[in-house]
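This report describes a structure chain by chain and contact by contact. The structure is shown first.

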Amino acid sequence: MARIVLTKPDIDRALTRIGHEIVESQRGKTGLVFLGIPTRGVFLARRLAEIVESIQPQDIAVGTLDVTMYRDDIQQKSTRATAPTDIPAAGIDGTTVILVDDVLFSGRTVRAALDAITALGRPDTVRFAVLVDRGHRELPIRADFVGKNLPSSVDERVNVCLSEIDDTDEVSIA
Amino acid sequence: MKHLISTRDLTREQAISLLDTTADMLEVRGRDVKKLPTLRGKTVANVFFEDSTRTRLSFEAAALALSADVSTFTAAGSSVSKGESLKDTLQTLEAMGADFVVLRHAHSGVAETVANSGWIDAHVINAGDGTHEHPTQALLDTFTMRSRLRGADARGSGLDGIDVTIVGDILHSRVARSNVWLLNTLGARVTLVAPKTLIPADVSAWGVSTALTLDDALESNPDVVMTLRIQKERMTSGFFPSESEYSRFWGMTTQRLARLKDSTIVMHPGPMNRGLEIAGAVADSPQSTVTEQVANGVAARMAVLYTLTGAES
Amino acid sequence: MTSILIRGAQRFGTESVDILVDDGVIAEVGVVTGTADRTIDAAGLVALPGLVDLHTHLREPGGEGAETILSGSRAAAAGGFTAVHAMANTSPVADTATVVERVFDRGIEAGFVEVRPIGAVTRNLDGEQLADIGAMAASRARVTVFSDDGKCIGDSLLMRRALEYVATFGGVIAQHAQDPRLTLGAQMNEGGVSAELGLGGWPRVAEDSIIARDVLLAESVGARLHVCHLSTAGAVDVVRWAKKRGIAVTAEVTPHHLLLTDESVRGYSPLFKVNPPLRTADDVEAVRAGVADGTIDIVATDHAPHSAATKDCTWSDAAFGMVGLESALSIVQATLVDTGHVTWQDVSRLLSVTPAAIGQVAGYNAPLTVGTPANITLVDPAHRGVWGTDRLAGGSRNTPFSGIELPGRVVSTIFRGTETVIDGVVVDEVRTS
């Protein structure tokens with residue numbers, strides 16, 4: 001049975017808090033680029049960018065970063081469909097990139113994302129924001145901004161729904 | 001999917017996914033760093049028993065862009081000319097560590113035989129077998145059509161309702177066959193145009209219309225006119241009498257281009273006989289996709305290599 | 001010589017009789033009261049005269065890697081045959097008395113079946129100059145059938161002369177009907193399947209037009225003509241017309257053309273590469289009907305053994321041909337008997353009496369009657385089994401029927417009074433006294 005762990009108000013609050021933390025970490029510096037990791041990281045990146053702009057008006061670029069082809073399990077798992085990568089026209093050199101994903105688990109997606117960023121340019125700083133950190137890291141990686149720490153067992157599934165594609169906002173565990 | 005032998009084997013979903021992946025690969029081709037780590041440690045053997053510099057270079061570029069090691073085997077001056085069998089040649093290459101065999105052969109059915117024979121375990125990609133199929137060409141062709149005709153809305157879509165006219169030596173064309181099957185799968189309507197000497201004896205099961213002259217076919221205002229390369233030796237074996245006569249009835253001339261709507265694209269798989277199956281000015285016109293097809297070819301082959309890489313589910 | 005008593009066999013699939021074989025001939029037929037050295041319980045088995053194949057490639061001399069006269073004779077015995085006609089396309093070609101006598105002698109040495117050499121029509125099968133037809137006819141091998149099989153005698157003038165010259169010696173030409181120019185680069189039947197597979201087409205008209213020409217030539221010079229491995233609906237019509245006109249033409253069909261179609265070629269398995277090619281379902285129907293109405297006179301195997309190397313390869317590199325001796329009777333039962341096209345009595349005619357008559361093989365004109373040479377095949381028509389290479393007894397494995405459930409099994413073959421197959425197994429050696 002699926003158990004709901006975050007409702008829409010919970011998600012909104014978590015993203016707002018992350019937005020404030022990002023503004024705080026900026027220390028007045030501009031040039032933020034939010035890169036969402038498909039599928040749901042893309043929508044979270046757009047929401048966060050809006051929140052940050054509303055807290056501290058500034059021009060924020062938002063893009064998507066598909067990491068599929070940088071994964072280290074391509075030859076072990078059945079083929080995953082790739083997704084488009086959409087980098088802001090000005091590029092990412094010298095910017096602060098905020099990578100955004102829905103769930104942080106083994107850390108392998110983030111590792112792949114860091115490789116993908118390297119192929120695209122050289123940002124000044126890369127930070128990582130995630131809605132849910134469920135633990136069980138397999139690599140020395142941690143998030144800079146976490147919406148909710150969610151202790152889980154390895155074989156549980158954490159399911160993030162976002163209204164942009166799933167009709168509703170909620171996080172459940174099963 | 002373990003092998004790519006024929007576009008007939010692709011479901012609509014697989015075909016669209018390959019086209020979408022091609023789009024993603026094309027985006028990578030535009031980056032500063034054009035290389036992906038995807039096939040690191042894997043070896044792609046390009047095994048070409050028939051000369052085709054273009055296709056071979058395209059597959060090499062695709063494999064290198066995915067960080068694979070590439071070894072190239074061409075028949076000229078090789079063990080094949082010393083009488084070694086295809087089976088022995090392929091087993092030798094696999095023993096040297098080939099994970100993918102990109103196979104080009106002058107005889108129809110060779111790729112399928114190699115894939116199903118149990119001779120080797122490697123993934124087999126058909127890079128053109130005789131007059132049978134050339135599936136990666138059809139993928140790059142349909143990708144080119146979809147990008148040109150659907151633009152930003154291309155992702156996830158097929159070619160439903162698109163009218164495609166294919167003109168030329170259908171009888172001997174693996175490009176035509178692979179395109180027909182794939183276009184059918186993607187929902188396009190296909191018309192084949194050729195003199196009766198160059199249309200196979202029975203295409204009733206192909207799901208296509210046929211026309212005898214290009215002018216007849218152009219009446220219906222197609223969205224795509226795909227011209228095929230015509231081998232000049234067909235003239236001496238009675239398939240048609242002369243270049244001028246071929247060009248008159250089946251050549252894509254500037255006059256014929258002028259009759260088409262502006263959005264119609266003109267394609268050619270290359271290498272072109274300018275002035276025979278396609279007029280130089282048509283090949284160089286904005287409606288021509290000839291060079292785009294070449295660029296898309298590398299991305300399409302990357303997509304195929306990537307898609308075959310995953311473990312069998 | 002061992003006497004053999006066959007108890008309760010259905011002669012030609014009809015009345016149950018005992019057959020006593022003694023001293024190489026059929027001694028009694030009916031209710032036999034005496035005993036014999038060996039008794040075969042033939043309850044439920046159909047007794048046929050020993051089968052005669054008019055079209056067999058034994059490959060020796062020159063192709064011993066695929067088949068020898070001995071191994072091919074064993075394959076023939078396994079299939080219920082007691083006589084085979086060895087095609088001339090060996091290496092060297094059987095175009096002289098020396099070669100045909102050698103083949104003839106090797107057949108006697110092997111001892112499983114009567115091996116009747118076929119002589120080449122043209123020297124080295126080159127289609128240009130007549131072979132030593134008279135010398136072969138007059139040789140110890142008494143050659144009566146002449147064929148360039150594998151190649152068509154395409155030149156009309158040469159064909160006319162060959163018909164006349166062979167008639168001089170009372171022989172017959174067995175023509176491989178294939179217009180060479182119309183089949184340039186041909187790999188399979190021309191049609192929907194060849195169009196999809198991109199394989200060179202072998203149009204039916206290339207067969208039909210040669211047969212049409214040949215029956216008219218035969219008529220004009222008053223010679224006999226035999227049409228090898230007829231495979232198309234059009235060819236059946238041409239032969240039917242010719243017979244109605246009184247032309248002395250006979251025609252054969254192979255078991256594979258009675259069963260398989262070009263759909264089998266999908267997948268490019270070289271096991272289905274054969275010449276003439278597998279045709280369409282319409283052609284299969286037409287050749288079956290042609291057998292039923294007598295247009296087609298005989299079934300002949302075109303047994304064409306090929307070594308593994310020439311079949312474990314790509315379609316285009318593969319040789320044309322399939323083995324067929326062992327499976328012939330099962331295919332005939334499946335496609336003609338069980339479908340109601342013919343009776344077992346007809347099978348006796350199609351696979352023994354008529355091919356023996358065309359080839360002038362003695363001893364087959366009064367099948368299963370007292371006083372005739374004891375060439376007998378016992379078949380179990382109720383048997384059902386999935387065909388596989390384990391059923392083969394020759395030197396090669398290239399059967400196209402593996403995996404198909406087929407009826408019938410040859411239980412016993414008796415060649416001139418000696419058992420060559422016992423309980424479905426070919427004997428190691430034929431011991432004649």
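This is a predicted model: local features need pLDDT of at least 70, side-chain atom pairs count only at pLDDT 80 or more; totals for chains, interfaces and linings use all residues.

Residues are numbered from 1 along each chain as its sequence is written, and chains are lettered from A and ligands numbered from 1 in the order in which they are written.

## Contacts between chains

Two residues are in contact if their C-beta atoms, placed from the backbone, lie within 7 Å. Of the 2 pairs of chains that touch, chains B and C have the most contacts. Chain A and chain C are joined by no contact, and their closest C-alpha atoms lie 26 Å apart.

The contact between chains B and C takes 20 residues from chain B and 14 residues from chain C. On the side of chain B that touches chain C, at least two residues each come from helix H3 (86-95), helix H4 (110-116) and helix H6 (174-185) of chain B. H4(B) gives the most to this side, with 3 residues. Helices (H or I, at least four residues) and strands (E, at least two) are DSSP runs, numbered from the N terminus.

Ala, Val, Leu, Ile, Met, Phe, Trp, Tyr, Cys and Pro count as nonpolar, Asp, Glu, Lys and Arg as charged, and the others, Gly among them, as polar.

| Side | Residues by class |
|---|---|
| Side of chain B that touches chain C | 6 nonpolar, 9 polar and 5 charged residues |
| Side of domain 1 of chain B that touches domain 2 of chain B | 10 nonpolar, 9 polar and 7 charged residues |

## Chain B

Chain B is divided into domain 1 (7-133 + 294-309) and domain 2 (135-289); domain bounds come from an automatic or database domain assignment. The C-alpha centres of domain 1 and domain 2 of chain B lie 25 Å apart. Contacts link 26 residues of domain 1 of chain B with 24 residues of domain 2 of chain B. H1, strand E4 (123-129) and H11 of chain B each supply at least two residues of the domain 1 side, and the largest share, 8 residues, comes from H1(B).

A residue is buried if 20 or more other C-beta atoms lie within 10 Å of its own, exposed if 12 or fewer, and partly exposed in between, with C-beta atoms placed from the backbone. In E4(B), 7 of the 7 residues are buried, so this strand is largely enclosed by the rest of the structure. Two strands pair if DSSP finds at least two bridges between them. Strand E3 (residues 100-105) of chain B pairs with E4(B) in the parallel sense over 5 bridges, and His105(B) stands opposite Asp129(B) in E4(B).

## Helix H1 of chain A

Helix H1 (residues 8-26) of chain A has 19 residues, which at 1.5 Å a residue should span 27 Å, and its end C-alpha atoms are 27 Å apart, in agreement. The expected span is 1.5 Å times one less than the number of residues.

The buried residues of H1(A) are Ile11(A), Leu15(A), Ile18(A), Gly19(A) and Ile22(A). Seen down the helix axis, these buried residues fall within an arc of 105 degrees, so they line one face of H1(A); the arc is that of the directions from the helix axis to the C-beta atoms. An α-helix has 3.6 residues a turn, so residues three or four places apart point the same way.

The buried residues of H1(A) pack against strands E1 (3-6), E4 (96-104), E5 (125-133), E6 (145-149) and E8 (170-173) and helix H2 (40-55) of chain A. Exposed Pro9(A) and Glu24(A) are carried on the face of H1(A) turned away from its buried side. Arg27(A), which follows H1(A), has a positive phi near 45 degrees.

## Chain C

Strand E2 (residues 16-22) and strand E3 (residues 25-30) of chain C pair in the antiparallel sense over 5 bridges. Val21(C) stands opposite Ile26(C) in E3(C). Their hairpin has 2 residues between the strands, and Asp23(C) takes a positive phi near 55 degrees there.

Thr280(C) is found in the loop between helix H8 (255-259) and helix H9 (281-292) of chain C. Thr280(C) counts as partly exposed because it has 19 C-beta neighbours inside 10 Å. Leaving aside neighbours within four places in sequence, Thr280(C) is in contact with Asn189(C), Gly191(C), Thr261(C) and Asp262(C).
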